[in-house]
Amino acid sequence: MKHKPIYYSEYLELDKVLSSQNPKSLEHGNEAHDETLFIIIHQAYELWFKQIIHEVDSIYKIFNQDKIRPNDLSTVNHRLSRIVEIQRVLNSQLRIIETMTPLDFMKFRDYLMPASGFQSIQFRIIELRLGLREKYRSGMSRKFFNSRLKQEDRDLLANLEKEPTLLELVDGWLSRMPFANMKGFNFWQEYLDAVNTMLDRDKLLIEQNKTLHPKELEFELKNLESTRINYHSLLDEKKYNDLYEKGEVRLSRNAKLSAIFINLFRDEPILQLPYRLMNHLIDIDEMFTTWRYQHSIMAHRLLGTKIGTGGSSGHEYLKQAADNNRVFTDLFDLATFLIPEEVIPSLPGEIKRDLGFVFEE
Ligand code: HEM
């Protein structure tokens with residue numbers, strides 16, 4: 001061996017890790033059995049948050065370049081899928097803390113005030129790095145966001161706010177793709193024609209449905225028209241940009257068009273990695289939202305309607321944050337713009353060839 005042999009516990013610095021569980025109730029001479037669990041579960045979360053930041057940072061670096069090579073995309077997909085697996089573990093861990101009863105929690109809860117998960121700076125870094133800028137937070141969440149943090153943590157987040165988020169970098173990458181305007185082939189006009197044919201067919205089905213009450217008929221037709229407006233606003237640059245300026249959509253128009261194109265033609269060889277990438281981002285958002293809901297229900301179970309140690313309304317605040325603090329909603333919304341396979345306009349041979357793998361003798 002060229003290097004010095006190393007001992008397991010020294011390599012992992014277990015002396016530090018395992019001497020970091022110091023229940024406050026013990027310090028106060030009134031040890032609460034469950035406080036050790038409470039500390040360990042938070043520490044386990046923070047370790048996994050550290051790993052998620054490690055993965056997100058490496059993905060961020062790849063996207064923060066002018067050109068992204070196919071090999072890099074494969075690395076990105078691999079790491080995104082690892083984040084999803086970590087989140088799966090994080091979500092299931094909440095069940096462990098639910099073995100603690102509200103009365104057991106009360107035995108040590110007051111010793112923690114005003115510390116709270118609110119102050120998990122790593123959680124905030126993940127949210128912000130992914131794309132949850134302060135302006136996108138729900139009103140209640142924005143109010144509490146900075147108020148409970150130390151100045152150095154606030155400064156750290158303020159600096160991060162100045163950098164592009166992963167969502168914005170992904171937007172740039174999608175926008176650079178040529179699918180908004182392809183070699184003189186007006187795909188989007190053909191797409192709009194296909195949409196109109198599809199919606200006209202749906203309209204006929206609704207009108208011919210004799211089981212509908214006049215009020216239901218009116219409602220269904222109105223719904224159909226708002227779907228039509230939705231499609232048209234995507235293809236009307238000015239209308240779309242207005243929505244973008246107002247923050248009602250977070251992907252720019254060209255990025256959205258590329259994302260739709262990738263979804264429609266996901267089986268074409270060069271679109272497979274981008275398609276998987278978008279799905280991983282959707283998974284990450286879904287996993288975080290699931291965690292937020294489960295955490296809010298767990299807080300309800302342990303606190304009832306009491307306020308949180310960080311001073312928020314507790315369960316109510318968490319529920320609202322789960323509904324609103326999402327990042328990749330535009331990718332979820334893509335499903336609105338997908339049309340059945342049989343009406344998707346076919347691509348000219350030259351473009352189809354460009355989307356395939358080229359083998360030369
Ligand atoms: C007894 C178990 C727990 C209870 C009763 C609880 C309760 C709460 C409450 C009420 C809040 C809102 C802020 C406040 O007023 O304090 C909060 C926020 C938070 N908690 Fe927990 N929590 C528990 C366990 C955990 C665990 C194990 C984690 C893992 C790290 C965690 C992470 C967070 C985070 C990240 C926030 C901020 C969420 C946001 O602002 O969107 N909590 N928690």
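In the predicted model, the lining of the largest pocket comprises 23 nonpolar, 16 polar and 8 charged residues. This pocket has a volume of about 1,400 Å³. Its lining is formed by 47 residues, among which Phe38, His42, Ser116, Gly117 and Phe118 are the closest to the centre of the pocket. Two or more lining residues are contributed by each of the helices α4 (35-63), α5 (70-97), α6 (102-112), α7 (121-130), α15 (272-303) and α16 (315-324). Of these elements, α4 provides the largest share of the lining, amounting to 9 residues.

For the second largest pocket, a volume of about 550 Å³ was computed. A set of 23 residues lines this pocket, and those nearest its centre are Met177, Pro178, Phe179, Ile270 and Leu271. At least two lining residues are supplied by each of α5, α10 (166-176), α15 and α18 (349-354). The greatest contribution to this lining is that of α15, with 3 residues. Divided by class, the lining of the second largest pocket contains 16 nonpolar, 2 polar and 5 charged residues.

The main contributor to the lining is α4 in the largest pocket and α15 in the second largest pocket.

Conventions:
Residues are numbered from 1 along each chain as its sequence is written. This is a predicted model: local features need pLDDT of at least 70, side-chain atom pairs count only at pLDDT 80 or more; totals for chains, interfaces and linings use all residues. Side-chain values use heavy atoms; hydrogens and water are left out. On a 1 Å grid over the protein atoms alone, a cavity is a set of points where a 1.4 Å probe fits but cannot get out, and a pocket is an open set with protein on both sides within 12 Å along at least five of seven lines; lining residues have an atom within 4 Å of a point. Grid points are joined across faces, edges and corners, and a volume is the space filled by probe spheres set on the points. Helices (H or I, at least four residues) and strands (E, at least two) are DSSP runs, numbered from the N terminus. Ala, Val, Leu, Ile, Met, Phe, Trp, Tyr, Cys and Pro count as nonpolar, Asp, Glu, Lys and Arg as charged, and the others, Gly among them, as polar.
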